[in-house]
Amino acid sequence: MAQDHSISDAHAAAYSGVQAAIPAISESALSRWDNEGGALAWSAISLPADIPELANVELVHLRIRVIALENLMIAMLARAVDEQIAMGDAMATHIAPHPGSAHHPLTEHAAQQMREMLARARHYRDTETP
């Protein structure tokens, strides 16, 4: 049975307000990716020099949490509006290296992972859920 994705008038009004703010929010978010540092430039972060390395068990727990978050994100994107999916595509394209700029393998890999997550979300958008 397909789910009804209609929204109330109150939700529609709130959604139109959010839609009006998206260009400014998008520009602000995307502009932070102009360098490899992402949300903050690394020089803006001061870390103590005595931070211990993560133990293997901590790395395993971190990996499990990342997998869980990825799957939750895919589930949410599967029910996202088209504009949100398009924003994900735009972000993946934006963080990919631009002509004439330095290529950063981790950023390129992150952009590819974003595209793959969006593709998985699109797959689940087209299937019925129990």
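User: Before we start, how are the helix axes and the angles between them defined here?

Analyst: Happy to set that out, and please keep in mind that this is a predicted model. Each axis is a line fitted to C-alpha atoms, taken for helices over the stretch in contact. Angles are those between N-to-C directions, and they run from 0 to 180 degrees.

User: Thanks! At what angle do the axes of H3 and H4 cross?

Analyst: Helix H3 covers residues 82-95 and helix H4 covers residues 105-125. Their axes come within 8 Å, and the crossing angle is roughly 160°.

User: Which residues of H4 does H3 meet, and what classes of residue make up the contact?

Analyst: From H3, the contact uses Asp82, Ile85, Gly88, Asp89, Met91, Ala92, Thr93 and Ile95. On the H4 side they meet Thr107, Ala110, Ala111, Met114, Arg115, Leu118, Arg122 and Arg125. Sorted by class, the contact of H3 with H4 has eight nonpolar, three polar and five charged residues.

User: Is the crossing of H3 with H4 left-handed or right-handed?

Analyst: This one concerns the sense in which H3 passes H4. The crossing is left-handed.

User: Now for H2: are H2 and H4 oblique or roughly parallel to each other?

Analyst: Helix H2 spans residues 56-78, and its axis comes within 8 Å of the H4 axis. The two axes cross at roughly 50°, while roughly parallel would need an angle under 35 degrees. H2 and H4 are therefore oblique.

User: Which residues make that contact, and how do they divide by class?

Analyst: H2 brings Glu70, Asn71, Met73, Ile74, Leu77 and Ala78. H4 brings Met117, Leu118, Arg120, Ala121, Tyr124 and Arg125. The residues in the contact of H2 with H4 divide into eight nonpolar, one polar and three charged.

User: Is glutamate 108 buried or partly exposed, and what does it contact beyond its neighbours in sequence?

Analyst: Glutamate 108 sits in helix H4. Its relative accessible area is 32%, so it counts as partly exposed. Once neighbours within four places in sequence are set aside, glutamate 108 is in contact with Pro97 and His103.

User: How far apart in space are alanine 119 and isoleucine 85?

Analyst: Alanine 119 is another residue found in helix H4, and its relative accessibility is 42%, so it counts as partly exposed. In sequence, alanine 119 and isoleucine 85 are 34 residues apart. Their C-alpha to C-alpha distance is 9.6 Å.

User: Stepping back to the chain, what pattern does it follow, and what share of its residues is buried?

Analyst: The secondary structure comes to four helices and zero strands, and along the sequence the pattern reads α-α-α-α. The chain exposes about 10100 Å², with carbon and sulfur atoms supplying 64% of that area. Of the 130 residues in the chain, the buried share is 15%.

Notes. Residues are numbered from 1 along each chain as its sequence is written. This is a predicted model: local features need pLDDT of at least 70, side-chain atom pairs count only at pLDDT 80 or more; totals for chains, interfaces and linings use all residues. Side-chain values use heavy atoms; hydrogens and water are left out. Helices (H or I, at least four residues) and strands (E, at least two) are DSSP runs, numbered from the N terminus. A crossing is left-handed if the near helix is turned anticlockwise from the far one by less than a right angle, and right-handed if clockwise. Contact means heavy atoms within 4.5 Å. Ala, Val, Leu, Ile, Met, Phe, Trp, Tyr, Cys and Pro count as nonpolar, Asp, Glu, Lys and Arg as charged, and the others, Gly among them, as polar. Buried means under 20% relative accessible area, exposed over 50%, partly exposed in between (1.4 Å probe, protein chains only). Accessible areas come from the Shrake-Rupley method with a 1.4 Å probe; for residues, only the protein chains shown count as cover. Angles under 35 degrees count as roughly parallel, over 145 as roughly antiparallel, 65 to 115 as roughly perpendicular and the rest as oblique.
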